[in-house]
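Reader: I am new to reading ligand sites. Can you take me through one?

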Amino acid sequence: MPKPKVLFAASEVYPFAKSGGLADVAYSLPRALHSTYDIDVVMPLYTSINREKFVIESLDEYFEIEMDGVLYPVEIYGCKYEGISYRFVYAPLLCEREFLYGPPECGYEDNALRFGLFNYAIVAMLQKNNYEIAHLNDWQSALVPLLLNENKTIKTKSVFTIHNLAYQGVFDFFYLQKIGLDEKYFILDALEFYSQINFMKAGIAYADVVTTVSPKYAKEILTPAFGCGLEGFLKLHEKKLSGILNGIDTDHFAPPFNEIKGKAVSKKAYLKEAGLKGVSKPLFVFVSRFTWQKGMDLLIEMLPKLALAECNIAILGEGEELYHSKLKAIANENANVHLSFGYDEALSHRMYAAADFLLMPSLFEPCGLSQLIAMHYGALPIVHKVGGLADTVLEYKKCDSETKKGCGLTFSKENAAAFMKAVNTALELYKNKRTYNKIVQHNMLCDFSWNTSAKSYSELYEKIRQKRDNHE
Ligand code: ADP
Ligand code: GLC
């Protein structure tokens with residue numbers, strides 16, 4: 001029996017383009033599903049992608065997409081990377097840009113057109129290659145289920161995964177016509193959102209199943225506090241919504257050690273690299289996009305106090321200028337705070353390997369991968385108890401031989417004092433080497449891979465494949 005064909009679509013996929021965890025998931029989940037499904041991954045061929053390095057070549061597939069009477073030429077490229085087959089959509093409008101979505105503070109004005117085009121290209125591929133399942137991710141591919149609903153000759157079933165409800169792809173009404181969609185979709189049950197159009201709503205309304213990346217976030221987004229205005233709409237579609245936790249690819253995130261002694265070597269090397277002093281002091285690490293979601297304000301308020309303690313702090317990230325300049329000021333004033341600005345995958349791995357604690361005070365967190373990576377590398381995350389952070393990090397005091405979850409420190413109240421209290425507990429815990437080491441060892445033995453969650457996705461795929469067969 002040939003394996004069922006799946007097309008997995010995302011706007012970013014590691015190692016080709018990455019701005020956050022979506023790229024990690026789009027890299028690692030297809031790898032975990034690959035033994036059961038004939039899975040292709042599709043993304044835009046941004047100009048920033050190195051075609052030579054990845055041997056990305058034209059597949060000689062050309063077609064034109066019409067939106068509002070304008071014809072847009074599209075070319076499909078492909079490559080094989082680590083056993084997975086990748087498809088790339090090339091169209092100048094979509095790809096010839098400096099950033100994936102726009103500069104840090106705002107998206108490109110014509111993103112509706114750019115990603116509208118991407119969605120049509122995906123549908124053309126589904127039609128041509130007879131995929132049984134389309135797995136769409138976030139707003140950038142959320143129109144596909146609507147387009148499939150429009151074209152009933154294509155039998156592909158769809159899974160829509162919400163990685164972050166804070167980004168919905170909301171555009172002026174003007175773009176409805178520009179992306180070639182009928183006004184019949186400008187209703188509350190479809191794209192209309194406060195007189196604008198909302199791509200995310202199309203995925204929620206028309207996909208056969210909707211998932212998000214942790215069970216807790218699946219519940220949170222049904223409430224006004226986390227629903228970003230879509231809580232009512234999600235509630236309407238609650239029956240097809242579920243939460244499946246992300247995993248990490250443990251081949252890619254592989255600590256260069258498998259016991260605590262080895263971790264000490266990594267820590268020493270990193271401290272030297274960063275010009276930080278004191279191997280015996282706890283090292284707190286923060287690796288993230290500098291954006292509101294990540295609790296930057298709590299972090300910036302708390303850091304100067306933490307810096308007074310006997311410890312080192314290392315920060316890696318990029319994003320909003322305001323946060324960057326505030327962090328820079330803190331690093332300039334404190335010799336024990338080191339700031340690396342930019343995106344650097346290899347450096348992030350060295351920092352996880354060196355870290356004793358990871359700071360993750362996110363205001364909301366659909367799943368979060370940094371805390372999983374940190375625990376896998378033997379660090380204890382200090383997290384705000386929301387979304388995937390609540391689902392994946394168990395308070396260290398509850399850590400026993402039975403628990404399969406990783407452990408760290410959690411705080412519930414969304415303020416810098418609660419965060420500082422958890423950090424103070426961490427400082428105390430670090431002095432109690434026996435207990436601290438036990439938790440490090442526990443975390444390093446936990447399974448953060450995709451094993452369990454890939455099974456959950458397979459079950460969903462099978463459920464909707466059956467639906468497809470019954471309809472044929
Ligand atoms: P989000 O997707 O919201 O940014 P996640 O925790 O799910 O958050 O995933 C973030 C991913 O991006 C992790 O793999 C993290 O290590 C990585 N990352 C974030 N910022 C940087 C950076 N500046 N350099 C390297 N890796 C980074
Ligand atoms: C989003 C979320 C993050 C999640 C990632 C991958 O960027 O912010 O919590 O881990 O997507 O699903």
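Author: Start with a definition. A residue is near a molecule if one of its heavy atoms lies within 4 Å of it. This is a predicted model: local features need pLDDT of at least 70, side-chain atom pairs count only at pLDDT 80 or more, and totals for chains, interfaces and linings use all residues. Residues are numbered from 1 along each chain as its sequence is written, chains are lettered from A and ligands numbered from 1 in the order in which they are written, and side-chain values use heavy atoms, with hydrogens and water left out.

Reader: Which residues come nearest to ligand 1?

Author: There are 24 residues around ligand 1, and Gly-21, Asp-24, Arg-289, Lys-294 and Tyr-352 come nearest.

Reader: How do I read a polar contact?

Author: Look for a pair of N or O atoms within 3.5 Å; within protein, one must be able to donate a hydrogen and the other to accept it, and residues adjacent in sequence count only if both atoms are side-chain atoms. Here, a backbone N or O atom of Gly-21 is 2.5 Å from an oxygen atom of ligand 1. For a polar side-chain atom of Asp-24, the distance to a ligand 1 oxygen is 2.6 Å. The side chain of Lys-294 has an N or O atom 2.7 Å from an oxygen of ligand 1.

Reader: How much of ligand 1 does the protein bury?

Author: Accessible areas come from the Shrake-Rupley method with a 1.4 Å probe; for residues, only the protein chains shown count as cover. Alone, ligand 1 exposes 560 Å², and the protein buries 93% of that.

Reader: What about cis peptide bonds?

Author: The bond from Tyr-14 to Pro-15 is cis, with omega near 5 degrees.
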